Structures are given as structure tokens and as C-alpha cells.
Amino acid sequence: MRLIAPIAKRVARLALVLTCVALVSYGLMMASPIDPVDAYLGPQMAQVSPEQRALIAQRWGFDESVAVQFGHWLRQLVSGDLGWSHVYNQPVSEVIAQRFQRSIALLGSAWLISALVGFSLGVVAGAKEGSKLDNIISTYAFITASTPAFWLAILAVLLFSVTLGWTPTCCAGPAGALNQEVTLATRLHHLLLPVATLALLGIASITLHTRTRMLELMRSDVATHAFAQGASRLDVAWRHGLRHASVPAITLAFASLGELFGGSILIEQVFAYPGLGQATVAAGLRSDVPLLLGIALFTALFVSVGNMIADSLYGVIDPRIKASGL
Amino acid sequence: MSQAQPRLRAAFSLGVTALLVMGLVASQWLLGDSPQQMQFDARLAPPSVDHWLGTDALGRELWARTLAGLALSFWVGCLAALLSTLIALSLAAIATLSARLDALVSLLIDTLLSVPHLILLMLIAFALGGGTQAVIIAVAVTHWPSLARVLRAELWQLRQAPYVRISRALGKSRWFVLHGHLLPHLIPHCLVGALLLFPHAILHEAALTFLGFGLSPSQPAIGVLLADAMRYLSGGYWWLGVFPGLGLLLMVLGFERLSSHLRRAL
């Protein structure tokens, strides 16, 4: 009972937040000055008569009031139907599923790398405050935290793809090749640079956060006591520091999923990587409202679950929090 | 010096930043329309003595365009940060009025934080039809939650402070307490908060413009310059991609430094 209650509370909160997201994003879409029929027709707009437009509007339900339309959309949403994407000419759920499969390779590996490398750099920098290594790591983290993601990606393409020619400039595979023909090695080769750039950006925040935690510990009574007993800095960092700094680092890693996803949109755009981020941009630029709504909801779910895991992990890793009743 | 005189350092950093910003604004005045002037005999010229940072595909000077882009970013960032701080302050104040309003505001914060920033920015820019105004509003509407949380926590604490309780007991109105006692205390927080928001605001403006949702492609914004550079990347025209981004990075770093110095000094 003690375990179920907080989880149920969290799930209820998640449902509430998602409903709000649906409401807000639907409201935003409705407020847009872009006419959905025009967006659907695209360049053929001029060839369509007003009668045909009215028929199209009726077919898609645009002639009804906003509240009725929202009701329809919500009812469909609950039954699992996200609508039809006119940009990709596919159901929205299929577009998201296909694109996310490609993005998850990029997101997942970048996330793991940035968490692991960021954490280790933070521990190293924090264990030896003021050393040369600390200065280098802190400066690096400080600068990358302010670097625009897409600019870093452009620099990476310029250096590694254009000048050195080590990696391909675009896409998830060679142009014109069928999906089945692309080998795993080629896929990895195409993923290498996007993952590296995305990871490089994610490292900064975890490093800076972990470093502050380590500094905190190094100045605490626990560390002073250990030093008095003859422990070296390495000992203290290894025995006390890792544990002390790991909880916030893991929490931050899960809580930063939204930022990671935002970064992936920019990086997929630069590398022309056909993932969910690129689909988001296409949906926005070509006014594919159902797809945009679907992606907003999907990413909100993704990020909220990340936040939920972050909150729950606190209790699992740190017994003190569990004792005080989550 | 670094430990002993944080105020001196902050003042120094403030002076340098102010000077640079004034230079940036003045340069726009002096340059006139040279960021848009085309020279067809010098298209895609590499950096040289004549063309300091090179020229783009229409022969426009990249240094003038970069400066113009930074000035645009600065104004957009300023307005967005200011607006965002105002939103944060008013919502934090509303939240402390009653428990129910507090729950409402925190639900709003959770909602905003659960959608990735960039997607929310795209949705809002889409809803407002794009353009400079849309970017400013979108950035302002998405960046207030973290500051609002700080201000709200601060307000809850202040409400328990003796002088506030005495004032309430003496029969002063809620509005008077908020206005006369609480707000003056919150101004430094707001200042630092706005400064912290500023770099994020510029970075998000550039990202949004880069993706095609922000400022119009005819304006020399940094995002537009970099999106243009994307088309010439494989041709080896490296200066188009390097310099505008470098300018943006330097500006963001400058403001980050300033805000960290100010935080230490206040």
C-alpha cells in the first residue's frame, strides 16, 4: 500500500499534465492564422473552386465549431487514432513510430555517452578543485553550455565531413540505397557525427552539476573526518563522492530528456537525419497540424515519464528519502 | 582579487558588457543598410583585407551581417527576457495568494516543462504565424518557469517574515504588502533572473530562426545567416558557417560571465 499510493498519485498527475498539454497545444493550433485547407492543398490552392474547398473543409470537419472539433479529436485520441499526416500521407502514429525508431538510436547513445562522460568529468574536476585538470574541464563545460547546438553541428560537418572527408555529410544511409541494403556498419558510420555532437552538448550540464556536488562533499564534515583518518583525495572521491554525486547526476540525466530532444531536432536538421526531429520541423513548416499535435503529445509523454523516473529513482538509490516517505 | 572583490569584478564585467553592447547598437546606426548591400563582383569571397570575414552568395559583407544579426538577437533577447521576468513575477505573486491558485500555477509550470522547449517554441511561433513578434512572445512564454519557482519559494518565505506578519496584523491590504514589502525584496532576484534568462533567450531565438520558424529570411538574423551557410557547406565556404556562430557564442559567453559575477556580488 505504501508503495502503490505514491505511484498512483504520480500517474494521476501525469494524466492531468498530459491533458493540459493536449488542451494547450490544440488551442495553439486553433489560434494559428494558417488556414488548414490551404495548408492541405499546398500549391494546388489556385486550382480549387470555393465549392470544392467547402467540401474539403466538411470532409476534414473544419466547418464545425472549435469545441466540437476538439471533442472529435479527443475522442479519436482516446481510441488511439492520432489522425492523418498530409505531409507524409500516412497515419500520424505510423510516422511517429517509424521516425522514433531512427531517432532512438541517436538519442539513446548520445544520452548514455553524455551521462557517463559528463559524470566522470564532473567527479574528476570536483575531486581536485583548482587543479589544472579542473580548470580545463570547467572551462570546457562552461563554453559548451553556451554553444548553440546547431552551430556545433555545422562546425562538425565542416571539419570532419567537408575538410577531412571522414564521415558522410547527411542522412541515415547512402543516397538512393534501399533500407534493407544498408549494413549496420554504414548506419553506424552515418550516426557517428550526430551522436558525438549531441553527446558533447549534453555533457556540460551534468559535468557542472556533478562538480558542484563533489565540491560540496569535499568541504563537508564527512570528508574532513576521512582526511583526518589519513584518506587520500582519491579515496574520499571514490568511497564517498561517487555515491554523493550519482543521485543528482542520474536525476539530471532523466530530467534533461526534453533538452536532449530539442537538441536532436536541431542536429537532425543539420545532418538531414530522417528522425522524429526532422519530421517535427517538416510538420511545422508545412502546417501538418495532426502530426504536430501528435509529436507534441508524444514528446510530452516521453519527457514526463523521464521526470517521473527521475523522481522515483531518488527513493530507490537514496534510502534516506524512502524512509521519510517519498 | 577573485575571492576578495566580487563587487569590483562584477562592476568591471558590467562595464565591459555595457561598452560592447553600446558599440553593437552604435554600429547598427553607423552601418545603415550595408548588411544588405550586394556586390556582384565579390560573391563568396574568402576572408581578406578587403572583405574582413568574407562575403556571402550575394556578395554581402559577412562582418556587417554578423554585427546586424547580433544586434537583432540582442533586442529580441532583451524584450523576451524582460517579458518573461514580468510573467514569472506576476505568476509567482498570484501563486502566493491562495493554495488553489498555487496548485494552478504549479500545474501550468509542470505542463510547460513537460513539453521540450523547442517544440513548445515551434507550436507558439506557429500559432502566432511567425515573425519577430511571435519569436519574442514564444521565448518569453516558455522561459519563465524556473524563475517563477525561485520567486515563489522566496515569496513563501517572506510571507512568514516578522515585518510582513506585523504589517498584515496592522490591517494593511494584501496588495499593499505585496507592493510595499515584498516587491522591493524581489527586485535583485528578478534582475539576476532576467540576466540568466537572456542567453537562453538568444540561443532559442537563433535556433528557432535557424529552423525557419522565427525571424523572416530577409532579416540578417544569426539563425538566417547560419541556415544560408548550410546550403554552401559542402562547397567549402567555411567562413559562412563559422563567424556568425562564433559571434553568437561570444555574446552568450559574455552575458553568462556577467550574470555569474553579478550573482556572486549581490
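Reply: A crossing counts as left-handed if the near helix is turned anticlockwise from the far one by less than a right angle. Keep that in mind for this predicted model.

Me: Which hand does the crossing of H1(A) and H4(B) have?

Reply: The crossing of H1(A) and H4(B) is left-handed.

Me: How do I describe such a pair in numbers?

Reply: Two values describe a pair of packed helices: the angle between the axes and the distance between them. Take H1(A) and helix H4 of chain B, residues 117-127. Their axes come within 7 Å and cross at roughly 30 degrees.

Me: Are H1(A) and H4(B) parallel or antiparallel to each other?

Reply: Angles under 35 degrees count as roughly parallel. H1(A) and H4(B) are therefore roughly parallel to each other.

Me: Which residues make the contact of H1(A) and H4(B)?

Reply: From H1(A) come Ser25(A), Leu28(A), Met29(A) and Ala31(A). H4(B) answers with Leu123(B), Ile124(B) and Ala127(B). Sort the residues of this contact by class and you get 6 nonpolar, 1 polar and no charged.

Me: Now a pair inside one chain. At what angle do the axes of H2(B) and H3(B) cross?

Reply: Helix H2 of chain B covers residues 62-95, and helix H3 of chain B covers residues 99-114. Their axes cross at roughly 140 degrees and come within 7 Å. Only angles over 145 count as roughly antiparallel. That makes H2(B) oblique to H3(B). Leu91(B), Ile94(B) and Ala95(B) of H2(B) meet Leu101(B), Asp102(B) and Val105(B) of H3(B). By class, this contact has 5 nonpolar residues, no polar and 1 charged.

Me: How many helices and strands does chain B have?

Reply: Chain B has 10 helices and 0 strands. Along its principal axes, the C-alpha trace of chain B spans about 80 × 45 × 30 Å.

Me: How do I read an interface between chains?

Reply: Interface size is often given as the accessible area lost when the parts come together. Here, count residues in contact. 42 residues of chain A are in contact with 38 residues of chain B.

Me: Which elements of chain A give two or more residues to the side that touches chain B?

Reply: They are H1, H7 (149-163), H11 (257-271), H12 (276-285) and H13 (289-317) of chain A. H1(A) gives the most to that side, with 9 residues. By class, the side of chain A that touches chain B has 30 nonpolar, 12 polar and no charged residues.

Me: Last point, confidence. What ipTM and pTM does the model score?

Reply: The model scores ipTM 0.86 and pTM 0.87. For chain B, the average pLDDT is 88, and 98% of the residues score at least 70.

Methods: Residues numbered from 1 in each chain as written. Chains lettered and ligands numbered in written order. Predicted model: local features only at pLDDT ≥ 70, side-chain atom pairs only at ≥ 80, totals over all residues. pLDDT = per-residue confidence, 0-100. Axes fitted to C-alpha atoms, helices over the stretch in contact; angles between N-to-C directions. Helix = DSSP H or I, 4+ residues; strand = E, 2+ residues; numbered from the N terminus. Parallel < 35°, antiparallel > 145°, perpendicular 65-115°, else oblique. Contact = placed C-beta atoms within 7 Å. Nonpolar A, V, L, I, M, F, W, Y, C, P; charged D, E, K, R; others polar.
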